[in-house]
Amino acid sequence: MPEVRKVAVSFAVNGEPRTVEAYPMARLLDVLRQDLLLTGTKEGCGEGECGACSVLIDGELVNSCLVPVAQAEGSRITTIEGIAGETLHAVQEAFVECGGAQCGICTPGMVLAAVTLVGRQSAQPTEDDIRNGLAGNLCRCTGYMRIFEAVLQACEKSVGAGA
Amino acid sequence: MQSDSMADRFIGKSIPRKEGRAKVTGRALYVDDMVMPGMLYGATVRSPVARGRIRGIRYAQGIPWDEFTIVTAQDIPGKNCVALMLNDQPCLADQVVNHAEEPVVLLAHPDRYLLEEARRAVELDIEPLPAVFTIDESLARQQVVWGEDNIFKSFLVESGDVESAWGHAHLIVEGEYETGAQEQLYIEPQGMIATFTAEQGLTVWGSMQCPYYVHRALMTLLDLPVNQVRVIQTETGGGFGGKEEYPSMIAGHAALLARKSGKPVKIVYDRMEDMAATTKRHPSRTRHRTAVTREGKLLAMDIEFVVDGGAYATLSPVVLSRGTIHAAGPYFCPNVRIRSQAVATNFPPHGAFRGFGAPQSIFALERQMDQVAKVLGLAPEELRRRNFVKQGETLAVGQVVREKVDMAGLMERALELSDYYAKRKRFAEENPRREVKKGIGLASFLHGAGFTGSGERYLASLVGAEATPEGRVRVLAASTEMGQGTMTVFSQIAAEALGVDYDMIEIVQPDTAVVPNSGPTVASRTCMVVGKLVESAVLGIRQQLLSSGLLPERYTSEQFRQACRQFIENHGALKSSSEYSAPPGVYWDDDKYRGDAYGAYAWAVYVAEVSVDLTTYEIRVDDFVAVQEVGRVINPVLATGQIEGGVAQGIGFALYENVVWQEGQMVNSQMTNYIMPTSADLPPIRVFFEEVPYAHGPGGAKGIGELPIDGPAPAIVNAIENAGGVNVNRIPVTPEVLMEALEGVHA
Ligand code: FES
Ligand code: FES
């Protein structure tokens, strides 16, 4: 069996250039959590079903448990740690206010999915837009209703702010 | 209905979750987010067979075994059991295994990839023995797999005289109902980290509901004194009962590995292991025989309720107890007999899951009520209306309903909000022409808050409070936050009681070295029972300040702060505590199994509207209305979220969540093939509260957490029958189950 060697992989995480030494097939999820100590990205299933491990790669929402780190070479990655600036993002604000987070384990992924959804919306999304936009992120606590409300509220604010 | 007194500043307000910011920014730390220097990873080697004798353990070649810490039953210094109720469950199987996935060997190593290879390289040589996989096989006792008769526990409830009632009946209706296992499926898998040193003893951190359960289990397993075991709850990503008893097992495993290796050890399950090995909701079978009068009054209810406990007792006796007491529902009936049993099989032990036996027996009852109505030619709501228990009447276990209750009113509101009457009529007209049939159904039910029977008296929960030199008030309780809002609700209760700013209240992280035992975080008891203790503990602080003359009768937050500061300067510390005592007049007789089963009940009526596709057998819930009376609502947004989440789990229980067993092993232990509802599957869940303040709850609150799981399944299946005219008595109603039922109808 030929020995698999670690390789250097470079990408930008939350705006900062990073290089890691990792096995090419290592999951991006593990590299983020273990090598870069960005533990806001969670593991719920490890098989692409729950979305707890969601991150943005070049603006696309992906399940980081399914991405071999080598594939992230040269990309721009955003994790939950990169969403708030000085203040919370409108989506995060709305999640706190509307009760969109209960146990919080799905929340980082859910927030990223919601941020993507809100960013794509030029007008108020329909309920179906929201349901489908979040269908890749499972939540066992909320029954999703408060999350839908949070997304609507965040949209109202960002559309209202002319964003 | 609103009981909003002008004085309330925090109770009844939707104050944002205390730890909300940490959760939405990803800063909240769960056990898998923690790393310790020199930490090893732990793995569990489990039995591949359901029942057998262990002949040997082989460690295959090609693995550097000398680098591994290996633990078997022989390494256990104390008693080899997960101490809980009957202490029958070993922490590591020794000589025999009684269910698939039973832990036999533990391994630890710093490299988790090599660890996984090693886990696969351990071969268990087990001689299989015949196993028991159904309730009937267990009751037949051809194989005795537990104790002398396969029975963990049985109960008998008797009021009036059922046998003499049959002769007076206008009609007698019989039915049999089954519910399947259900996985809690908290999104954070279970996990623990343990450290062990000779001086400090054992410390474990992890995801759990009940720190003091874990504490006791570790003392027993490692034979350690109280002060040598410390248990700390980390942020917990959902529990729903699934983290009530199993964390004691994992903590024990991590502790044994840490003790033997001398290093910190982390065990975090992956999803498959978590689903295959940890507890699920007890499968159940209920038989009903109901006698009614010509006027549609219940005359007699004879109920046989059996739950499958799996291989070890764990919490089955108390699950059975709650299921038994809820089996006769919110109705008045002069003659009731309930015979119930929890039986042993060779499945992994079934355990706590939100509702704790009640969703099973309530499913059966509420389906039976619809059958009785049908036979009588009454509308389902009319039969219920004629039989709801009223204030002053007695429930099956002999409990007089002292609180105000208005089930008929709740039902009317639910029927109105769901547009029930009009829809029922319209669907009946349109269905013959429709490919996809529509239906609407309801369920009415109650849920007891707090431990069953004498549970709270035995627990004698304790809550502490202390002021800090900065004038903040810290609440000390072992009650855990797992998403349901403990920290926020406790803060609201404390701030309201003291009349100070919400931000002045701090809820201390549950750590057995710091907080007293306020009991397990289960049974919808945290807000009502422990919350009340929080209220009196912080009032103890205020009382001391008042008596010392440092605080005037009327004060501002700033004056309160200064008084605390001064008091601590003068006396060194300012502390108070409060211990549970039963509300006056509440009494339960353990021997007779009669009396006040619960301090208070929540009451509810749920209505589901469904579409049933008779070609594809697909069922969809289109609308869901949940009306309930839970006492005073302390935080409307959190309470609504609890109900919505519970209803969603209930919809999964009714339609999607199907545990597939093969030889006692769960074969669909993945999120790809065990299906829980996604955001695309659920209807709007519309939640309404009637508020009737409860005299003995903090700010008037009762329990809420479990109630919403009881109603959805029967309401949905009643709606399915309304849509398709098909009598389904088994959940989950997968397309296969519906097809079978339909073929039964048309054959
Ligand atoms: S952990 Fe990646 S989708 Fe569940
Ligand atoms: S908040 Fe717990 S899983 Fe979503």
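## Reading the model

This is a predicted model: local features need pLDDT of at least 70, side-chain atom pairs count only at pLDDT 80 or more, and totals for chains, interfaces and linings use all residues. Residues are numbered from 1 along each chain as its sequence is written, while chains are lettered from A and ligands numbered from 1 in the order in which they are written.

## Chain B as a whole

Let's start with the overall build. Chain B holds 20 helices and 28 strands (DSSP runs numbered from the N terminus, helices being H or I of at least four residues and strands E of at least two). Its radius of gyration is 26 Å, close to the 27 Å that the globule rule gives for 747 residues, so chain B is as compact as a globular protein of that length. Here the radius is taken over C-alpha atoms, and the rule is 2.2 Å times the number of residues to the power 0.38. Along the principal axes, the C-alpha atoms of chain B fill a box of roughly 75 × 75 × 50 Å.

Of the 747 residues of chain B, 59% count as buried, that is, with 20 or more other C-beta atoms within 10 Å of their own, the C-beta atoms being placed from the backbone. Among contacts in chain B with a separation of 6 or more, 81% are between residues 24 or more positions apart; a contact means C-beta atoms, placed from the backbone, within 7 Å.

In chain B, 3 strands form an open antiparallel sheet in the order β4-β2-β6, where pairing takes at least two DSSP bridges between strands. β4 (96-97) and β6 (122-128) of chain B stand at the edges with a single partner strand each, so one side of each has no neighbour in the sheet. Strand β2 (residues 52-59) of chain B is joined to β4(B) by 2 bridges, and Arg53(B) stands opposite Val96(B) in β4(B).

## The nonpolar core

The largest nonpolar core has 291 residues, and Ala114(A), Val204(B), Ala254(B) and Ile716(B) touch the most other members. Such a core is a set of buried Ala, Val, Leu, Ile, Met, Phe, Trp, Tyr and Cys residues joined through C-beta atoms within 7 Å. Strand β23 (residues 600-613) of chain B gives the most to this core, with 11 residues.

Leaving aside neighbours within four places in sequence, the contacts of Ile716(B) include Ala608(B), Val610(B) and Ile651(B).

## Where the chains meet

The contact takes 41 residues from chain B and 40 residues from chain A. On the chain B side, α17(B) supplies the largest share, 7 residues.

Key. Contact = placed C-beta atoms within 7 Å. Buried ≥ 20, exposed ≤ 12 C-beta atoms within 10 Å, placed from the backbone.
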